Amino acid sequence: MKKTYKILPLSIYDIPGIESWLEEQANVGLFPVFLNTLCMFTGTGIPGTRFRLIAKKKREEQPSLEQLELCEEVGWQYAFSVADIYFLFYSTNPEAREFYTDWESRGFSLEPLKKQIASYRRRKVLIYSLLVAAIIWILFFHESTYDIQPDHFTQLPLILLNLFQPTVLLFLACAIWIWRQDRRDEKMLNSIYQALMQGVAPPTSKGPSKTIVREEIVMVALILPLAVSLVVNCVDALKPWINIPLERFSKTYISLQDIEREAVFPWEKLFAEEPFGGKTENYAEKKFSFLAPTWYSVTQEAYSPQSGLKENYFSPKPEHGVERYAPNLEATYFELWIPALARPVAKAQMDAYRLVNLEWSYAELDFSDLDFAIYATEPDGIWQMLAIGRANRVAVFRYAGMEQLPDHLKVLSEAVKESLL
Amino acid sequence: MGEKVRGPLTEPMFYILMSFLRQERCGTEINEFVAQKTCGRVLLGPGTLYTILGKFQEEQLIEETQVDGRKRTYRITSKGRGAYWEELERLKKCVCDGEEELL
């Protein structure tokens, strides 16, 4: 049997409107077999059919057999359940007694629906409030026992960049869109309920609306990419932008070998067997924010060919060659839409790189080619950080090795010399 | 917290409650009683009947006594009788007030 599909051009709570619309469809030979945002019709509609939507008391409720029998006796047939909200009844008999013979009882029938909506709204407000409160607490008030130098607000610029990620924006757009539709639907139901409870006819429906159809299309257009994006974000194997081997990574980055005086090599060139975590030692990861269209990080680790038998920076007391010099360089590069964000983003990324159980000292460095250079060290330790910026470009490095990053400012500044795009 | 004060009964509500005063009834019997009592002036649609029965059950004015296959039977509770008498008194006063003005 041929099926016809239509988008419901009315609010799901515009009861008189939906009933009239279904009657119009029946007049052109269409009979509903499924009704929700998307409606399905067969060509078995009989002109003159009346439709009535009866609010359910509970979502899982089914009409009782006695109720169905009584309805049939007076000329009404049960069609199906609509969106877990209504039962749909229809009558092809023009003599059949009206389903509701007074306005008030129809108003009473909407009470459970009103309660459900109010409870849904309360639950939603509660969940969103808890979520926001939890996020705020984690971001700004939570203090880890091991964090000896906390600064809760430093990471705000990075949070801002993350907020402008496509998935987050899609989620926010969906949430706002749904909230807007819910408000409209709730107002519609309230106006119908108030009129019925005063014993008068419900306000006349404005009828099918192209705006509502367009809004539903926008909703689908938002939800589909959001769903895909959420699935992709949950499965690492589906993310082509993470764990990119450096051989296949074409963007500008500073190679670890370029700042090492001693020759160092990736593990593949030195060992037959990969070291622990070897597969993920040298890789890049891309990110995207509408505020930072170019945003990526590169992680590198390399090894000295000389084993730990001889004393070196990491192995002052080598034992049987177990340890060897293995410097590590992590770097994150940004190209921002708003140049004013460069310095705050650099400081935020430094905070993200900060190893929380270490005490850091920060100092500004002067370098003619750069707008700023912030150097961070942890006294008596092996870790250093350097954040540099020029115009809207930022590079932040975290390094463990025997070199001093300020000695390599000229090389490092190449990362922000030209556009990273 | 005090119990919610119920407003006046609508006409279909009044007759449905009245139908239980002498006996327990099922949906079809209620319909017949109301149609007969009002000489067809008040006819109950199936939506009206079941919405009111649901509401009365919720407010404990009636209770279900028997489920026999498709047939569900209800009876009035003492709270239901109270609500009926209260409404009857209100209606009597209305009639009295109306008649007084005609004299």
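In this predicted model, the buried residues of α2(A) pack against β5 (77–82) and β6 (86–91) of chain A, and also against β1 (25–26), α2, α3 and β3 of chain B. Helix α2 of chain A covers residues 65–73, and its buried residues are Glu66(A), Gln67(A), Leu68(A), Leu70(A) and Cys71(A). After the helix comes Gly75(A), with a positive phi near 100 degrees.

Going along the sequence, the elements of chain B come in the order α-β-α-α-β-β-α. The C-alpha trace of chain B spans about 55 × 40 × 25 Å along its principal axes. Chain B has 103 residues, and 43% of them count as buried. Among contacts in chain B with a separation of 6 or more, 50% come from residues 24 or more positions apart. As for the surface, chain B exposes about 6200 Å², with carbon and sulfur atoms supplying 50% of that area.

Turning to the interface itself, 23 residues of chain A and 24 residues of chain B make up the contact. About 1900 Å² is buried between the two chains, and carbon and sulfur atoms give 59% of that area. On the chain B side, the residues that lose the most area to chain A are Pro46(B), Tyr50(B) and Arg70(B), which together account for 33% of what that side buries. Between chain B and chain A there are 13 residue pairs in polar contact, counting pairs with both residues at pLDDT 80 or more. Four elements of chain B each supply at least two residues to the side that touches chain A: α1 (11–19), α2 (27–37), α3 (46–58) and β3 (71–76). Of the elements of chain B, α3(B) gives the most to this side, with ten residues. Sorted by type, the chain B side of the contact has ten nonpolar, nine polar and five charged residues.

Two salt bridges turn up across the interface of chain B and chain A. One of them pairs Lys55(B) with Glu111(A), with 3.3 Å between the closest N and O atoms. Another salt bridge brings together the side chains of Lys115(A) and Glu58(B), at 4.0 Å from N to O. Lys115(A) sits in helix α4 (residues 111–141) of chain A and Glu58(B) in helix α3 of chain B, so this pair joins two chains. Both Lys115(A) and Glu58(B) are exposed.

Over all chains, the search of the whole structure gives 27 salt bridges. Within chain A, Glu215(A) pairs with Arg180(A), and the closest N and O atoms are 3.2 Å apart. Glu215(A) counts as buried at 10% relative accessibility, whereas Arg180(A) is partly exposed, with a relative accessible area of 39%.

A further salt bridge in chain A links Glu403(A) to Arg261(A), with the closest N and O atoms 3.0 Å apart. Both partners are in loops: Glu403(A) between β14 (393–400) and α10 (409–413), and Arg261(A) between α8 (256–259) and β8, so the pair ties together parts that are 142 residues apart in sequence. Glu403(A) is buried, with a relative accessible area of 1%, while Arg261(A) counts as exposed at 64% relative accessibility. Elsewhere, salt bridges with shared partners connect Glu19(A), Glu23(A), Arg50(A), Arg52(A), Glu98(A) and Arg106(A) in one network.

Strand β8 of chain A (residues 283–289) includes Ser289(A). Because its relative accessible area is 0%, Ser289(A) counts as buried. A polar atom of the Ser289(A) side chain lies 2.8 Å from the backbone oxygen of Leu161(A). Apart from neighbours within four places in sequence, the contacts of Ser289(A) are Leu161(A), Phe164(A), Gln165(A) and Trp295(A).

Definitions and conventions: Residues are numbered from 1 along each chain as its sequence is written. Chains are lettered from A and ligands numbered from 1 in the order in which they are written. This is a predicted model: local features need pLDDT of at least 70, side-chain atom pairs count only at pLDDT 80 or more; totals for chains, interfaces and linings use all residues. Side-chain values use heavy atoms; hydrogens and water are left out. Contact means heavy atoms within 4.5 Å. Buried area is the accessible area (1.4 Å probe) that two parts lose on being put together, summed over both. A polar contact is a pair of N or O atoms within 3.5 Å; within protein, one must be able to donate a hydrogen and the other to accept it, and residues adjacent in sequence count only if both atoms are side-chain atoms. Ala, Val, Leu, Ile, Met, Phe, Trp, Tyr, Cys and Pro count as nonpolar, Asp, Glu, Lys and Arg as charged, and the others, Gly among them, as polar. Buried means under 20% relative accessible area, exposed over 50%, partly exposed in between (1.4 Å probe, protein chains only). Accessible areas come from the Shrake-Rupley method with a 1.4 Å probe; for residues, only the protein chains shown count as cover.
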